[in-house]
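Here are a few exercises to work through with the model open beside you. Try each task on your own before you read its solution.

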Amino acid sequence: MIVELGHFALILALLVAVVQAVVPLAGAARGWAEWMRVAPVAAAAQLVLLALAFGALTHAFVVSDFSVRLVAANSHSAKPMLYKVTGVWGNHEGSLLLWVLILALFGAMIAWRGRNLPAALAARVLAVQAMIGVAFMAFMVFTSNPFERLAVPPVDGQDLNPLLQDPGLAFHPPFLYLGYVGLSTAFSFAVAALIEGRVDPAWARWVRPWTLAAWMFLTVGIALGSYWAYYELGWGGWWFWDPVENASFMPWLIAAALLHSAIVAEKRDSLKSWTVLLAILAFSFSLIGTFIVRSGIITSVHAFASDPARGVFILAILAVAIGGALGLYAWRAPLLAARGVFAPVSRESALVINNVLLTVSALVVFIGTIWPLLAEFLTGAKVSVGPPFFELTFTPFIVLVALVLPVGTLLAWKRGNLARALGRLAPVAALALAVAGLLWSLGTGRSLIAPLGIGLSVWVLGGVLAELAERARLMRAGPAESLRRLWNLPRADWGKSVAHAGLALSIFGIAAISAWETEDIRVMRPGETAEIGGWSLTLDSVERLPVGADFDIPGCATSSPTGFGFLLALFRETGPRNFITDLGRFTLRRNGEPVAGLCAEKRLYPVQRMPTTEAAIDSGWTRDIYVVLGDPQQDGGWAVRSYVKPFAVWIWLGALVMAAGGLISLTDRRYRVGAARRAGAPAGAVAAE
Amino acid sequence: MMRAAVLAFALLAGPALAVQPDEMLGDPALEARARAISRELRCLVCRNESIDDSSADLARDLRLLVRERLLQGDSDREVIDYIVARYGDFVLLRPRMGGANLVLWLAAPALLLAGGAVAVLWLRRQGSRAPATPLSAEERARLERILKDG
């Protein structure tokens, strides 16, 4: 009964979305206020209906209603409650329901904040938003219905893919979807602006917070996914250039470019049509990402739910949405004339360089991702494009972005002084070169990675500090005056500095782990000790725990790795284990002193008959010790893989710092509710610099 | 469904770790070369995994083959050529620079040059345009008012 109510709510939401897609658009075209006013009501109704549908599906999973096909295929009565709930989106249909729920959430939020927008613009934005909703809800109702019943319910379910039975599933997909789908707002604003044929600084100011929020969520989502892969897949890889990872990375790159170009559109009334194009592209890449994930057209480790037939439907959505938006763009963009002008050396130009680099790098990732498909289509040859290709072609872009970044932040708007900016950065450059030279001469790195990467991170981080010092007039004004100036910097500027510092930290972590990671593979018998890079690791014992053993094992502080453990601890598995465990207990010592007790697990899920590894990680600011228990050997020993991963946590901490920068920027005064209205008429209301 | 079950059994039988201790070569320099080569080769039955990362049986066979060739004195190049001769270009995670793949390899520099050129042209064009749009009648009136008040 509840399932049918959810099903009904989904269909009703689809119908409401159809109304929302048509009526406000007509109202805006004719200037009928009553018709435009339908939009916010419909947006709220959609949210309520989809929340009901989602709640109904969650209920079916929680009570293990195996008469629902989706529950039978993806759940099991003995699965821990956490994974019954997160399993709702651990499959194709359920993840789509989450997708449209988040779309409706953004729609309702635009409607709520839309009271500060011109009525026609708000109506058009919500109508476009509803069109996306129609496409995806129709896709669900006609090809991927989560509420389908089985005539003969099975006794028990087939369980969730064991790799997904992890706290990571609670966070990674929702954040990723908040990011993916959040970019729909920028898309809707862009299409609405094209329909109106007008983009002004106020438009850019309305779009930026939505883009910022989506980009933040995407950053966190990608970082969580990367960390999940790091601890779950058993060898500590954190990025694989897998098509599905690329699918989330491309919109991230384009959204980052959009954030930067929207600043120029807002403050300088230039780069407008480019900003609109980026807004369309960002969401287009989200849709392409959805297509890649959902169709399974490009084989990848993530394709846990793939079906080519559905791919055709999504391809049609893709063609209409992207083709339509780009067509509209080609037709209307010439109306968006730039008004602000600037010299070749200026902050604007630096942001243009940033945009070229980010956009081209996203296109390169895109071409690399679809090349196997394209090559097979064109020449019939089967080729693979893997990490070695992407590392070689993508890295130069990040190097260039990082090189230009500090210079750009020190250039003035309109007309900058390059010599002066470089002069301010001279000490930073000297420091970065010194660090790089030192690392090079020490020769500890296997290659150029360490000197280049760490030198760059010093350059970017030093550039951030140099810019703050410049803004505070450090050394020239008194300390009190400098402090006052820093305090009074707009939040958006603080956000920028923090986000750029986060980039520097991530580059640092990536360079350090790439250059200095050490690996050890050997057979160990209980009681034996291995020396790994200055640490000694003792295998104390290996024991087998049956199904039903408690999740909490005495002597193992937490079965989840530390580091981000504070986050994972919120969603710790509890109760009986739904798998067989081989538990290896290790003691890590430094100079004879015990540092940590480590519990590495091998799990065997009886329902899906699939093994997984749970690495034991002792996480620290300067290194992670990463231990994996392998197979038993004939002589009573166990294969053990252990790694010292220097500065690993900084990869993800850097990403979180970037997202924090976005959050700080989002609290800037000019994005607050009502700010647009107080700032006066849309045109000409450029925020005072 | 049947296929999934077979696959699950294969996984169950197969090792849970990629490179096994018994595979490794005694000579650390040779082993390091074997690892580097392994990272360039795709595990053919896996989804986007190198043979170095994969726990599939076929990946193990390939790893052993790589080491066997290295022990026989092959250069890195020769080992890779040997594997490609048997399994085709699909096994390479870094596609060969030649033929249709040139498009892939040249995409990054070509797009960067094109993007840079467009940006430079646009910057020069917009920089040389007349400084800003002239004041509107309303703005001119306001300016006059301000000047008069001053």
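**Exercise 1. Find how far apart the centres of domain 1 and domain 2 of chain A lie, and what makes up their contact.**

Step 1. Taken over C-alpha atoms, the centres of domain 1 of chain A and domain 2 of chain A are 33 Å apart. Before going on, some ground rules: this is a predicted model, where local features need pLDDT of at least 70, side-chain atom pairs count only at pLDDT 80 or more, and totals for chains, interfaces and linings use all residues. Residues are numbered from 1 along each chain as its sequence is written, while chains are lettered from A and ligands numbered from 1 in the order in which they are written.

Step 2. Get the bounds: chain A is assigned domain 1 (2–332 + 344–386), domain 2 (389–517) and domain 3 (519–649). Such bounds come from an automatic or database domain assignment.

Step 3. Count the contact, which takes 20 residues from domain 1 of chain A and 17 residues from domain 2 of chain A. Two residues are in contact if their C-beta atoms, placed from the backbone, lie within 7 Å.

Step 4. Look at the elements on the domain 1 side: α10 (243–268) and α13 of chain A each give two or more residues. The largest share, 13 residues, is from α13(A). Helices (H or I, at least four residues) and strands (E, at least two) are DSSP runs, numbered from the N terminus.

Step 5. Sort that side by class, and you get 11 nonpolar, five polar and four charged residues. Here Ala, Val, Leu, Ile, Met, Phe, Trp, Tyr, Cys and Pro count as nonpolar, Asp, Glu, Lys and Arg as charged, and the others, Gly among them, as polar.

**Exercise 2. Work out which element of chain A gives the largest share of the side that touches chain B.**

Step 1. Start with the totals: 51 residues of chain A contact 44 residues of chain B.

Step 2. List the elements of chain A that supply at least two residues each: α13 (347–379), α14 (387–410), β1 (518–524), β6, β8 (623–632) and β9 (638–646).

Step 3. Chain B has six helices and zero strands, and buried residues make up 26% of its 150 residues. A residue is buried if 20 or more other C-beta atoms lie within 10 Å of its own, exposed if 12 or fewer, and partly exposed in between, with C-beta atoms placed from the backbone.

**Exercise 3. Trace the two open sheets of chain A and find their edge strands.**

Step 1. In one sheet, five strands run in the order β2-β3-β4-β5-β6, with antiparallel pairing. Strands pair if DSSP finds at least two bridges between them.

Step 2. Its edges are β2 (529–532) and β6 (610–614) of chain A; each has a single partner strand, so one side of each lacks a neighbour in the sheet.

Step 3. Check one pairing: β5 (residues 593–605) and β6 of chain A are antiparallel over five bridges, and R603(A) has T612(A) in β6(A) as its bridge partner.

Step 4. The other sheet has four strands, ordered β1-β9-β8-β7 and paired antiparallel. Its edge strands are β1 and β7 (616–619) of chain A, each pairing on one side only.

Step 5. Four bridges join the antiparallel β7(A) and β8(A); S619(A) has D624(A) in β8(A) as its bridge partner.

**Exercise 4. Decide whether K79(A) is buried or exposed, and find what it touches.**

Step 1. Locate K79(A) in the loop between α4 (69–74) and α5 (81–86) of chain A.

Step 2. Count neighbours: K79(A) has 21 C-beta neighbours inside 10 Å, so K79(A) is buried.

Step 3. Not counting residues up to four places away in sequence, K79(A) touches K84(A), G87(A), D159(A), L160(A) and N578(A).
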